[in-house]
Amino acid sequence: MTSGELSQNSLKRALVVAAHPDDPDFGAGGTAALWTRDGWEFFYLVCTNGAKGSSNPETDPEALILARQEEQRRAAQALGVTDVFFLNHEDGELAPDRELLGEVVWHIRKLRPDAVFTHSTDMIISNRWINHMDHRATGLTAVDAVYPTARDALNFPEHLAGGLSTHKVRWIYIWGGNQSTLDVDITDVMDLKVQALMLHQSQFGAREGFLQRIKERWADEDGRYREKFQVVELQM
């Protein structure tokens, strides 16, 4: 077992907290597909409505929201994800504020995951890409939700009054940043990951060859495919 991976005989539940529909599949879809085969249960929490995910100015945002949510549900199902939840904050306007923090904490306390996966908060990636501001807001909020907020009873006590209890997450898996400490070899499920991404027709349906080019770019020098994470193990 590679350092940072959890034994399939121990902890069994993961929550992927992502900014937009399709982000959880890009960031951790292969790991979700692979680990569900070992008995894990994965859930997705998508923070925004994806309403700005089109370059066509004639696009109807409300229709796009509905389409992207359905695409995300279908992609998650293809990967073996148990369920998908949407917070429906406005795309491109996500703020790491108290409202968002409370919503993420509520889902952590409700689902009680052993591992939380989320975006990196790095702004510039490999001196080549700018990490979307919604990604950064989501990653910051997810990490803050794990520690200390979901753990502490005096944070959002209304959750406890409503029947939930505090929860300690053991592991955080952060994707898309400049540092990684764990490579999950997803070669055996790479085609499934690509098939799930292809279900996001509103994003990739008109971009001929896009996902094939992505697949070629993702291949490591040895021809295998890996999802890379910075892993944080929290003291229980």
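Residues are numbered from 1 along each chain as its sequence is written, and side-chain values use heavy atoms, with hydrogens and water left out. Because the model is predicted, local features need pLDDT of at least 70 and side-chain atom pairs count only at pLDDT 80 or more, while totals for chains, interfaces and linings use all residues.

Helices (H or I, at least four residues) and strands (E, at least two) are DSSP runs, numbered from the N terminus. Buried here means under 20% relative accessible area, exposed means over 50%, and partly exposed lies in between (1.4 Å probe, protein chains only).

Strand 2 runs parallel to strand 1 (residues 13-18), to which 6 bridges join it; two strands count as paired if DSSP finds at least two bridges between them. Within this pairing, L15 has F43 of strand 2 as its bridge partner, and A14 stands opposite F42 in strand 2. The chain passes from strand 1 through helix 1 to strand 2 in a right-handed β-α-β crossover. A crossover is called right-handed if, with the strands pointing away from the viewer, the path from the first strand over the helix to the second runs clockwise.

Strand 2 also pairs with strand 3 (residues 83-89), again in the parallel sense, over 5 bridges. In that pairing, H89 of strand 3 is the bridge partner of T48. Strand 2, helix 2 (residues 61-79) and strand 3 form a right-handed β-α-β unit. In the loop between helix 2 and strand 3 lies T82, which is partly exposed at a relative accessible area of 44%. T82 and E41 are 41 residues apart in sequence, yet their C-alpha atoms are 6.4 Å apart in space.

Strand 1 is itself mostly covered, with 5 of its 6 residues buried. Strand 1 is joined to strand 4 by 4 bridges, and these two strands run parallel. The bridge partner of V17 in strand 4 is T118.

The discussion now turns to the largest pocket. Rolling a probe the size of a water molecule over the atoms shows where empty space is left. On a 1 Å grid over the protein atoms alone, a pocket is an open set of points where a 1.4 Å probe fits, with protein on both sides within 12 Å along at least five of seven lines; lining residues have an atom within 4 Å of a point. The largest pocket has a volume of about 1600 Å³, a volume being the space filled by probe spheres set on the points, which are joined across faces, edges and corners. Its lining comprises 40 residues, of which F26, W175, G176, R217 and W218 lie nearest the centre. Elements giving two or more residues to this lining include helix 1 (23-36), helix 6 (190-198) and strand 9 (226-233). Helix 8 provides the largest share, 4 residues. By class, the lining has 13 nonpolar, 15 polar and 12 charged residues. In this scheme Ala, Val, Leu, Ile, Met, Phe, Trp, Tyr, Cys and Pro count as nonpolar, Asp, Glu, Lys and Arg as charged, and the others, Gly among them, as polar.

Several local features of the backbone remain. A cis peptide bond, with omega about 5 degrees, joins Y147 and P148; P148 belongs to the loop between helix 4 (133-146) and helix 5 (157-161). R112, although not a glycine, has a positive phi of about 55 degrees. R112 sits in the loop between helix 3 (98-111) and strand 4 (115-119) and is partly exposed, with a relative accessible area of 33%. N127 likewise is not a glycine and has a positive phi of about 55 degrees. The loop between strand 5 (124-125) and strand 6 holds N127, which counts as exposed at 76% relative accessibility.

Finally, T138 is found in helix 4 and is buried, with a relative accessible area of 1%. A polar atom of the T138 side chain lies 2.8 Å from the backbone oxygen of D134.

Technical notes. A polar contact is a pair of N or O atoms within 3.5 Å; within protein, one must be able to donate a hydrogen and the other to accept it, and residues adjacent in sequence count only if both atoms are side-chain atoms.
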